[in-house]
Amino acid sequence: MSTLRFHAIKKTLDRKPVHVEEIERRSELFGRNVFNEATMRQFLTKEAFNSVMAAMQNGTKIDRSVADHISTGMKEWAISKGATHYTHWFQPLTGSTAEKHDAFFETIGNGLAIEKFGGSQLVQQEPDASSFPNGGIRNTFEARGYTAWDPTSPAFIYGTALCIPTVFVSYTGEALDYKTPLLRALYAMDNAAVAVCKYFDKNVKKVNTSLGWEQEYFLVDSALAASRPDIVQTGRTLLGHSAAKGQQLDDHYFGSIPARALAYMRDLEKECMLLGIPVKTRHNEVAPNQFELAPIFDEANLAVDHNSLLMDVMDKVSERHNFKVLFHEKPFAGVNGSGKHNNWSLSTDTGVNLLGPGKTPMSNLQFLTFFINTIKAVNDNEELLRAAIASAGNDHRLGANEAPPAIMSIFIGEQLTNVLNELENVTDGKLSPQEKTDLKLNVVGKIPDVLLDNTDRNRTSPFAFTGNKFEFRAVGSTANCGNPMTVLNTIVAKQLTDFKVEVDKLIKKNAMKKDDAIFNVLREYIKNSKKILFEGNGYGEAWEKEAKKRGLSNHRTTPEALKAKVSKKAIKLFEEMGVMNKVESEARYEIEMEDYVMRIQIEGRVLGDIARNHIVPIAVQYQNRLIKNVVGLKEIYGSEFKKFAQEQLNLIEDISGHISSINSDVTRMTDERRTANLLEDYEQKAHDYCHKVKPLFDSIRYHCDKLELLVDDEIWPMTKYRELLFTN
Ligand code: ADP
Ligand code: MG
């Protein structure tokens, strides 16, 4: 009953910020718990060290005998830091990270024991794959799965365990995690981008993808969170009337950070430092109790690992501060939800950011090449990119009036739009010397200047160019960045591969000069990618109409959006780029559709329970009080009683109306769930959960929220929005 609510509020009001010891120089903490280059030099033989470095830099295989030396060095280091266990750390398709700890401790007979960690334990383990989502791969093949060491992401100590980042694959080699396809996509990108870089600089040997994510989240006091069954079970509020004051005064964004939240952030940042997560920025976000954290960008695979690890660390540290972190994309109706911006760029081993304008016309032509190829890739694969960010939670954001719409488009700013307009007019075929000089001086050569002035930012764009990188803003806050990063890198790698073929063809067959050929191909790309470029207000209705005219997709729900993952085109693309085979693509589709169904199913059950077992009984109780009051008034005033009881009589009627609506809607929802559960076909099931079950949530919520406004605050059982969002 409401006792829990008031108990939680009291507890929250009594809390003080937890003291966090600050150290003078955080840089001294950085990477202390990471088996990084400096540590490896100290704990590894020269041969072992060189072999890990070669694996990290060039992907060369590590010899088994060397692996034994590496594992021994790792173990010695880990034990010196207080670790007792080791674990393969991986990212199954559940969305969270997985670990199974084994002790270094080993018996050797005669009652003796040692600490041991061999090369084979470092390199490979065999967790049971059947208990992780596998999308039917398990049925077709064996249940066994393998985790295999990813030497490109350094081992780290978390708590008392040495964690070894690994990929997770089935017995037959199919990817069962986020990391495997990501590594394959990054490899494809490296190859494709290096080949294109050779047009501009023969010395380029490697292209790295960089990712700088920005993580949004809510902090709610742990007692308040625990008082709400919906937060406990689904990570979001399924009902609750809006607080009188929400975010309308815009007084939270970049405001002064509340003391308890700040203590939490400082503690969290220290943990991040130790783990080598280079966190840099913290601030209040738009909604009350909403915050953001962002690191310095890193190589994409490492950045993805860091983000997955971070979400776990955030959870653990929050317990010390009596908070619950909400990662859900839409924990509260009526205020902003949370996303995870993915800043993405490409850089060469010669130190050039390929999406940053250069100093010379030639380096700017290189910039334009990568810039325009990215635009073309998104233009041709917008549905696949939309599918990469689809989830039950993100459905609340995309298309709602606060976040990027469900329509993918690219914002590049006025100046670059002008540059593209100029390039669109270059001569078909060979360019005259005069035209080339003009282009180099007045268009390509001017880019660095124009970008400096290019300060207009369009916050409504899901995919925006921001000076030296693209920012993919539509990613959900709970998402594993590996998924959108795999798709983005695959489509751009494919596009760069096609570009190389086309340019080479013009050079060979039409005897064109290299830059003529590049200008010619880019011109055609610009002409063919117009539909994806949009500079206006992405939240407006006009854009929806315009986008439809342009033939852009607008998939508002997850089941609809996910279909693009298994289109013929997508399956072929992933196969061709060596990122996923057909079985893997189809398995992922099935897993994500099932995940969607399960989440809506859980929400439906929780909502039904709260409405029927928490709210209706309290409404009835309050109504009885009113009835008693009316009966009393009648006793006193006889036939005159209505003069004094009208308000109560109205309330009694209103309450009855809401109760009866709730009951019939909950019954209908339960029936719809039952019918949907019987469906064999998972696509049909997801469709029905989306279009038959979920719409009833709104109506149930509506009536519950109305009751919240009618029933005595003293007995209301659910912690209210104003309490959840404004007590800290
Ligand atoms: P904002 O977008 O909030 O105005 P910035 O443009 O400075 O701020 O950067 C936002 C994020 O972009 C940061 O997390 C940063 O690490 C990341 N970032 C900056 N440069 C790159 C890059 N070349 N590649 C990937 N991410 C980058
Ligand atoms: Mg940003």
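**Figure 1. Secondary structure and overall dimensions of the chain.** In this predicted model, the chain is built from 26 helices and 17 strands. Its C-alpha trace extends over about 105 × 80 × 55 Å along the principal axes. The radius of gyration is 29 Å, which agrees with the value near 27 Å that a compact globule of 728 residues would have. Of the contacts between residues at least 6 apart in sequence, 76% join residues at least 24 apart.

**Figure 2. The magnesium ion (ligand 2) and its protein donors.** The magnesium ion has as its protein donors two OE entries from Glu214 and one OE from Glu471, at 2.4 to 2.8 Å from the ion. Because Glu214 belongs to strand S9 (residues 207-221) and Glu471 to strand S17 (residues 470-472), the pair ties together parts of the chain that are 257 residues apart in sequence. Glu214 and Glu471 are both buried.

**Figure 3. Gln42 in helix H2.** Gln42 is part of helix H2, which covers residues 37-43, and with a relative accessibility of 62% Gln42 counts as exposed, the cut-off for that class being over 50%. Gly73 is 31 residues from Gln42 along the chain, and the C-alpha atoms of Gln42 and Gly73 are separated by 8.8 Å.

**Figure 4. Asn322, a residue with positive phi between a helix and a strand.** The loop that holds Asn322 runs between helix H11 (300-320) and strand S13 (323-326). Asn322 is a residue other than glycine, yet its phi has a positive value, near 55 degrees.

**Figure 5. Ala511, a residue with positive phi between two helices.** Ala511 is placed in the loop that lies between helix H17 (482-509) and helix H18 (514-528). The phi angle of Ala511 is near 50 degrees, which is again a positive value in a residue other than glycine.

How values were computed: Residues are numbered from 1 along each chain as its sequence is written. Chains are lettered from A and ligands numbered from 1 in the order in which they are written. This is a predicted model: local features need pLDDT of at least 70, side-chain atom pairs count only at pLDDT 80 or more; totals for chains, interfaces and linings use all residues. Side-chain values use heavy atoms; hydrogens and water are left out. Donors are N, O and S atoms within 2.8 Å of the metal (3.2 Å for Na, K and Ca); water is not among the atoms, so sites may look incomplete. Helices (H or I, at least four residues) and strands (E, at least two) are DSSP runs, numbered from the N terminus. Buried means under 20% relative accessible area, exposed over 50%, partly exposed in between (1.4 Å probe, protein chains only). The radius of gyration is taken over C-alpha atoms; the globule rule is 2.2 Å times the number of residues to the power 0.38. Contact means heavy atoms within 4.5 Å.
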